[in-house]
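Look at the structure first, then read on.

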Amino acid sequence: MKFASSAKFAAVAVTAALALTACGGGSTSSGGSAGPVDGKGKKLSVLVNSSAAYPAQQKQWFTDIAAKFKAQTGADVQFETFASANDELTRIQTSVVSGQGPDVYSLGTTFTPTAYATKAFVTLSDDDWKKVGGKDKFNQAALGISGPDAQHQAGIPFVSRPFVMAYNKDILKAAGIDKPATSWDELATQAKKMTDPSTGTFGLATGYKDSFDPWKFIWAMSVQAGNPLVDGKTLKLDDPAVKKAYETYFGWLTKDKVVDPASIGWSNSNAVAAFASGKAGYLMMTTSSSLPTLDKSAVAGKYAYTAMPTTAPGQSSPQGDAANAASILSGDNVVVADYSKQKDLAFAYVNLITSKDEQLNYQKIFGDLPANAEALKALNNPVLQPVADTAAKSKATPFTGAWGDIQLALLNVVVQSIPDLSKGSVDDSSLQARLKDAQSKGQASLDRASK
Amino acid sequence: MSTDSLTAGKSTRRKSSRAAKPDPQSPDNAPRRRKGLSERNRPLWMLIPGGLLMVIIIVVPLLLGIFMSGLDLDQYSLRQWVSAPFIGVQNFVEALTASPLLHAIWLSVSYSLLAMVVTIPLGIAGAVATQNAFKGRAVIRSIFLVPYVLPSFVVATVWRTMFQPGSVIDSALHSVGIDPGLWLNGPQSYWTLILVQIWASWPFVYLLALSGLQSVDHEVHEASALDGALWWNKLRYVVFPYLKGPLSLAFLIGMLHHINNFTLPFVLFGVPAPSDVELLPILTYVTSFQSFRFGLSAAMAFISLILIAIPLFVYLRAVKLDDAETPGGKK
């Protein structure tokens with residue numbers, strides 16, 4: 001009796017296994033041609049960053065995309081989310097070491113070089129690019145941080161999130177300013193006109209305690225002054241342009257007094273809140289993802305986006321390539337894991353989410369700009385036009401595995417200067433010492449990268 | 001005195017029970033029975049499942065960590081991490097000479113010590129105050145435990161919000177004419193950390209002190225009252241000796257916890273941390289997960305392991321936990 005039942009069970013198991021194998025065999029033979037990938041019975045695992053601002057909408061998006069993917073390929077998609085870059089890094093580490101995990105990852109652009117350095121992701125061949133719809137379908141500027149050069153690209157652009165500034169039209173008008181500033185010097189002058197501490201109104205809103213914003217300012221001003229920070233194997237943080245950038249950035253608080261003194265404790269979201277309450281002329285270093293928030297705030301209809309200044313501090317017009325460095329090349333890339341056993345399915349998924357319609361849909365829900373060129377052109381929201389223009393004028397941060405460290409070093413200069421900022425001045429010698437420290441740490445990391 | 005006799009009593013009891021059991025199984029080594037059997041016949045094999053788990057969860061990662069500390073392991077070599085170049089003690093040399101590790105150790109140890117020095121009297125005071133029954137004692141006792149029950153993340157987030165420039169604490173101090181300066185950066189941040197740590201961890205000392213107070217025999221109180229001891233003398237010579245054990249345990253666990261505390265400084269100050277609060281766990285974390293120097297950070301972690309093993313060892317020697325277990329048998 002006992003034997004019989006277990007024998008029966010074994011027979012069922014064997015039959016099931018045979019059936020499954022047959023299925024698997026069938027799918028590979030039919031999916032080999034250029035037609036749609038057949039992923040019946042398969043499951044694709046995708047890791048994306050969780051949307052803190054739109055959690056419910058994100059869940060809905062997951063369901064919709066999974067349904068569409070199932071209709072196209074017959075395969076299921078399982079979404080996993082991570083809350084921070086560090087969470088994601090831990091996932092990547094475990095997956096890289098163990099050789100299993102999600103098939104597709106979504107990565108922030110500045111994190112792409114670090115991920116690329118692990119060599120754990122597929123560097124796309126021409127054939128692979130065809131599977132995601134061809135390289136031409138993407139906004140070409142967005143490919144700038146997909147790999148070290150055009151032949152070695154692992155990151156497939158998914159969305160663009162260029163950094164711009166928002167301005168309060170009423171406050172600018174009241175101060176007699178007819179056009180937003182295009183140079184950093186002009187910005188400070190305009191901000192002074194708008195600042196009125198008695199009403200709590202300040203020319204600029206920005207967060208000095210943000211974990212990312214500070215280095216983006218320093219990067220932008222330095223690049224516009226002709227110093228791209230990394231020159232081959234040399235780091236150039238001890239350059240006068242970098243020091244000038246820090247002085248300008250700190251100067252808003254210490255000399256020009258055009259930012260709220262409390263902003264030494266602010267992150268970007270505090271700055272958005274200050275601008276949204278109508279207490280600031282300019283909101284610096286923001287993206288189109290602030291749009292849904294601002295449209296529900298006191299400044300709804302009274303604000304506009306525009307590119308940040310491209311003329312370096314102390315100069316009167318953009319020098320060299322400065323006009324094309326309005327923002328860091330920012331957004332999300334997707335990468336396919338090298339260990340994945342269903343790469344074709346993964347590429348089919350990427351093809352789906354980077355298609356024109358899906359990209360436009362994503363923009364509507366989350367505010368991020370399409371990386372798909374046609375979709376970007378099809379945008380017809382006039383508020384977003386300046387942001388879309390900036391997407392084409394964005395410059396990639398240096399593509400090196402050391403960038404994470406360099407970014408940290410740049411940020412650290414600001415963190416360590418905050419006590420001085422709160423006292424009202426950052427003296428030259430301590431700034432110099434901090435820059436020297438940043439230079440040596442960053443250079444050491446760059447040396448490791450080029451080893 | 002009383003504890004000694006108690007342990008002695010226990011040990012004789014244990015010895016006799018052990019001697020009674022094992023006879024039937026080992027008639028052949030009868031001559032050595034009294035000495036050897038108690039060890040031989042302990043069913044040590046029953047420890048295998050637990051022991052195996054300990055090996056997998058503790059020993060293997062520990063050995064891996066030590067192995068990693070000898071590798072030049074970073075994001076470039078992570079993928080084939082086993083074959084990352086072996087560089088011997090170079091990571092340790094770099095950690096000790098070219099990184100802020102020593103500064104971080106100094107900060108971690110000094111802050112933990114300061115926090116402990118304040119929390120111990122606070123904890124004792126809290127325990128003594130709620131020792132005798134009064135109306136509402138249960139409520140007070142529960143309130144005392146609130147900081148201990150709250151997750152560290154919540155504690156740190158709330159304090160960070162209150163310490164923001166221009167936030168509640170600043171405006172409260174401004175209203176009485178004090179300009180407090182920066183709480184979350186600069187030299188004062190060190191004291192902010194200690195303050196929050198004290199707030200969050202004193203109930204732990206309080207709990208252990210309370211348990212010590214409960215163990216004071218009623219007769220002792222009576223006897224001291226008969227002898228005419230006043231409250232201070234009673235506290236100093238009668239009650240405190242009872243607290244010595246629980247409090248030294250509280251001190252040890254508290255120190256280890258503070259030195260290893262990552263959440264509190266991470267949430268309060270963020271990374272990169274201001275140099276005044278760049279504590280050991282933060283430094284290890286940044287080295288690992290922001291700079292991706294896994295080998296170097298494994299070396300740092302190993303150094304901090306040695307660091308916390310020292311007080312642990314001293315404590316174990318001092319209280320002789322191991323001896324209390326085996327007074328009758330052998331080690």
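In this predicted model, Val46(A) stands opposite Phe79(A), a residue of strand β2(A). Val46(A) also has a bridge partner in β3(A), namely Val104(A).

| Partner of β1(A) | Residues | Bridges to β1(A) |
|---|---|---|
| β2(A) | residues 76-82 | seven bridges |
| β3(A) | residues 104-108 | two bridges |

How does the chain get from β1(A) to β2(A), and what is the hand of the crossover? The path runs through helix α2 of chain A, residues 55-73. This β-α-β crossover is right-handed.

Strand β1(A) spans residues 43-49. Five of its seven residues are buried, so the strand is largely enclosed by the rest of the structure.

Now the interface. In chain B, 26 residues are in contact with 31 residues of chain A. The two chains bury about 2,500 Å² between them. Carbon and sulfur atoms give 55% of that area. On the chain B side, Tyr76(B), Arg79(B) and Pro272(B) lose the most area to chain A. Together they make up 28% of what that side buries.

How many salt bridges are there between chain B and chain A? The count is two. Arg448(A) and Asp74(B) meet in a salt bridge through their side chains, at 2.7 Å from N to O. Helix α13 of chain B, residues 280-289, gives the most to the side that touches chain A, with three residues.

Note on methods:
Residues numbered from 1 in each chain as written. Chains lettered and ligands numbered in written order. Predicted model: local features only at pLDDT ≥ 70, side-chain atom pairs only at ≥ 80, totals over all residues. Heavy atoms only, no water. Buried < 20%, exposed > 50% of the residue type's maximum accessible area, 1.4 Å probe, protein only. Helix = DSSP H or I, 4+ residues; strand = E, 2+ residues; numbered from the N terminus. Pairing = 2+ DSSP bridges. Right-handed = clockwise from strand over helix to strand, strands pointing away. Contact = heavy atoms within 4.5 Å. Buried area = accessible area lost by both parts, 1.4 Å probe. Salt bridge = Lys/Arg side-chain N within 4 Å of Asp/Glu carboxyl O.
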